[in-house]
Amino acid sequence: MSHRIFTGIRRRKLGELIEELAGPWTAAGEDRLRERRGHERLRAPGAGPDHDLTFTDRVIVTLVYLRFQLPHAALAELYRVDRSTVTRAVGEVRPLLAARGFAVPGEPGVRLRTLADVFAYAQARGVELRIDGTEVQVRRPRAGKPGRRAFVSGKKKMNTKKATAITDRKGWTLWAGAFRPGRMHDQTAVRTEGIADLFRQHPQVKAKVDAGYRGLAKEFPDQVQAPPLKPKKDATPEETAAYEAERHRQSSQRICVEHANAEHKQWRVLQRYLGRREDFDETYLAVAGLVSDRAAER
């Protein structure tokens, strides 16, 4: 199960990932035990029964789940353990993956975790950003639950959750976040993350966006570039041709963020999310962080 076809990452990178997560996983386990006991441990570390799944197997099981969204019961059958053991393993490792942040190309050891980190990095390195939103189908909230309609996407005509991705001009994922119910507009989602304030704080940062962020382009015309407005019906052929040429040029420069979103959705769990909606944000961050690792090594 450690083969790249199952985990989505090379075995060398898998070994580095396991080594990176081992310390935080052990510390989190000690915190849980201390909270349960109400005092410090009385026996030496390592005492007591062994885990049914070693830490290495827990990481691999989580990666396979994210890669293929296999039922926990199926993974439990492969490892000859109870289904609850796999569920617990995924619940322990997934937040560790989500907390890692996003790799920076050419700067090993440096990771971006917040939107403010991305803008600071872009201004320091002169990186032009690409911003785009994407939607993933999720389970429909039960009937009568408050806020049920908020997940109904006007674009997809289904229940979705929205995510925003930011890349550089090469399509390397620098950040993913602004997770909101599918009914919310793309621009509104990033505005609630404070992106307008960050553009004011970093006046040298520039970004290319699609038509959904035209309001940002109007507010920051020197920093944000959106597609040109479509000419009127009575426009001359020359005006229409100029519009098409400009639209095609801007689209070709922005298409890399679309490719990044497609790369995220190569992981089955983000093609159609079948888990609890409360865990979607964590799952998306875990996958996007792993994708950024692979992109940074190109």
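Predicted model: local features only at pLDDT ≥ 70, side-chain atom pairs only at ≥ 80, totals over all residues.
Biologist: Is Thr-85 buried or exposed?
Modeller: Leaving aside its neighbours within four places in sequence, Thr-85 is in contact with Asp-52 and Leu-53. Its relative accessible area is 4%. Buried means under 20%, so with that 4% Thr-85 is buried.

Biologist: How are helix α3 and helix α5 oriented where they pack?
Modeller: Helix α3 covers residues 55-68 and helix α5 covers residues 83-98, and their axes lie 8 Å apart. The packing angle is about 85°. Angles of 65 to 115 degrees count as roughly perpendicular, which makes the orientation of α3 to α5 roughly perpendicular.

Biologist: By class, which residues does the contact of α3 with α5 have?
Modeller: On the α3 side the contact includes Val-59, Val-61, Leu-63 and Leu-66, along with Arg-58. From α5 come Val-86, Ala-89, Val-90, Val-93 and Leu-97, among others, and also Glu-92 and Arg-94. Sorted by class, the contact has 10 nonpolar, 1 polar and 3 charged residues.

Biologist: Which element gives the largest share of the lining of the second largest pocket?
Modeller: This pocket holds about 380 Å³ of space. Its lining has 17 residues, with Tyr-65, Arg-139, Leu-274, Gly-275 and Arg-276 nearest the centre. Tyr-65 also takes part in the contact of α3 with α5. The largest share of the lining, 4 residues, comes from α5.

Biologist: How do the residues of that lining of the second largest pocket divide by class?
Modeller: Among the residues nearest the centre are Arg-139 and Arg-276, together with Leu-274. Arg counts as charged and Leu as nonpolar. Over the whole lining, the division is 6 nonpolar, 5 polar and 6 charged.

Biologist: How much space lies in the largest cavity?
Modeller: The structure holds 1 cavity of 30 Å³ or more. Its lining is made by Arg-4, Gly-8, Ile-9, Arg-10, Lys-13, Leu-290, Asp-293, Arg-294 and Glu-297. The space inside the largest cavity is about 60 Å³.

Biologist: And how do the residues of the lining of the largest cavity divide by class?
Modeller: Helix α11, residues 280-296, gives the largest share of this lining, with 3 residues. The lining includes Arg-4, Arg-10, Lys-13 and Glu-297. By class, the lining residues are 2 nonpolar, 1 polar and 6 charged.

Biologist: Which residues does Ala-260 touch, not counting residues up to four places away in sequence?
Modeller: Ala-260 lies in helix α10, residues 237-264. Because its relative accessibility is 1%, Ala-260 counts as buried. The C-alpha atom of Ala-260 is 9.7 Å from that of Asp-132, 128 residues apart along the chain. With those sequence neighbours set aside, the residues touched are Thr-167, Gly-171 and Thr-173.

Biologist: To finish with the whole chain, what part of its 298 residues is buried?
Modeller: The protein chain has 11 helices and 7 strands, and its C-alpha atoms fill a box of roughly 80 × 45 × 40 Å along the principal axes. Of the contacts with a separation of 6 or more, 65% join residues 24 or more positions apart. The buried part of the 298 residues is 46%.

Conventions:
Residues numbered from 1 in each chain as written. Heavy atoms only, no water. 1 Å grid on protein atoms, 1.4 Å probe; cavity = no way out; pocket = protein on both sides within 12 Å on 5 of 7 lines; lining within 4 Å. Points joined across faces, edges and corners; volume = space filled by probe spheres on them. Helix = DSSP H or I, 4+ residues; strand = E, 2+ residues; numbered from the N terminus. Axes fitted to C-alpha atoms, helices over the stretch in contact; angles between N-to-C directions. Parallel < 35°, antiparallel > 145°, perpendicular 65-115°, else oblique. Contact = heavy atoms within 4.5 Å. Buried < 20%, exposed > 50% of the residue type's maximum accessible area, 1.4 Å probe, protein only.
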